[in-house]
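The sequence and structure are shown first.

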Amino acid sequence: MAFGKYFEELHVGDVYQHRPGRTVTETDNLLFTTLTHNTQSLHLDEEYAKGTIHGGRIVNSLFTLSYIVGVGVGDLTEGTTLGNLGFDETTFPHPVRIGDTLRAETEIVDKRESKSRPDRGVVWFEHRAYNQHGDLVCKSKRAGMMLKKSAATVNN
């Protein structure tokens, strides 16, 4: 069963506010950092990180990127995507710290029908995350191959 949006239901300029927000915990940072074998001291060593421009540990930026894509799955792509085609223009303009509460939104920035497959189209999503102060902490543009509703009803 599909809960996401089909190609035809996604319109350029639409913005989706995703829920729930997420307060980043010590466990989130530790597990994500160790699961990805990222041994960067900025994420793990408070004493080391105190001596950096950040003045303390910061959360692994790929955790933040994963959150902003993942929190939108139920709203946008659950059961309606055929695959992630890639990321572009990913930035982290403000660091995330343990204890920050993140919220995310996604804007549909472009779309086109597939040139070779009539049952699908490509949609470009711009994912954005903000902390509890309203600071933009992550922005990423992503392309996804999306199923057309007409193709889904034929297959059911």
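## Helix 4 and its ends

Glycine 70 belongs to helix 4, which covers residues 61–70. The model is a predicted one.

Several other members of helix 4 are buried, namely Phe63, Thr64, Leu65, Tyr67, Ile68 and Val69. The N-terminal end of this helix is capped by asparagine 60, with a side-chain oxygen 2.9 Å from the backbone nitrogen of leucine 62.

## Histidine 18 in strand 1

Strand 1 spans residues 15–23 and includes histidine 18. The relative accessible area of histidine 18 is 0%, so this residue is classed as buried. Its side chain forms a polar contact of 2.7 Å with the side chain of threonine 106. Beyond neighbours within four places in sequence, histidine 18 is in contact with Val71, Gly72, Asp75, Leu76, Ala104, Glu105 and Thr106.

Strand 1 is also the place of proline 20. The peptide bond leading from arginine 19 to proline 20 is cis, with omega near 5 degrees. Most peptide bonds are trans.

## Arginine 128 in strand 4

Arginine 128 is part of strand 4, residues 120–130. Its relative accessibility is 9%, and it therefore counts as buried. Two glutamate side chains make polar contacts with the side chain of arginine 128: glutamate 105 at 2.8 Å and glutamate 126 at 2.5 Å.

When residues up to four places away in sequence are not counted, arginine 128 touches Val15, Ile68, Arg103, Ala104, Glu105, Glu107, Leu136, Cys138 and Lys139. Of these, Ile68 is one of the buried residues of helix 4, while Ala104 and Glu105 are among the contacts of histidine 18.

## Residues with positive phi

Most residues other than glycine have a negative phi. Histidine 37 has a positive value, with phi near 60 degrees. This residue is located in the loop between helix 1 (26–35) and helix 2 (41–44), and its relative accessibility of 69% places it in the exposed class.

Glutamate 89 likewise has a positive phi, near 55 degrees.

Conventions
Residues are numbered from 1 along each chain as its sequence is written. This is a predicted model: local features need pLDDT of at least 70, side-chain atom pairs count only at pLDDT 80 or more; totals for chains, interfaces and linings use all residues. Side-chain values use heavy atoms; hydrogens and water are left out. Helices (H or I, at least four residues) and strands (E, at least two) are DSSP runs, numbered from the N terminus. Buried means under 20% relative accessible area, exposed over 50%, partly exposed in between (1.4 Å probe, protein chains only). A polar contact is a pair of N or O atoms within 3.5 Å; within protein, one must be able to donate a hydrogen and the other to accept it, and residues adjacent in sequence count only if both atoms are side-chain atoms. Contact means heavy atoms within 4.5 Å.
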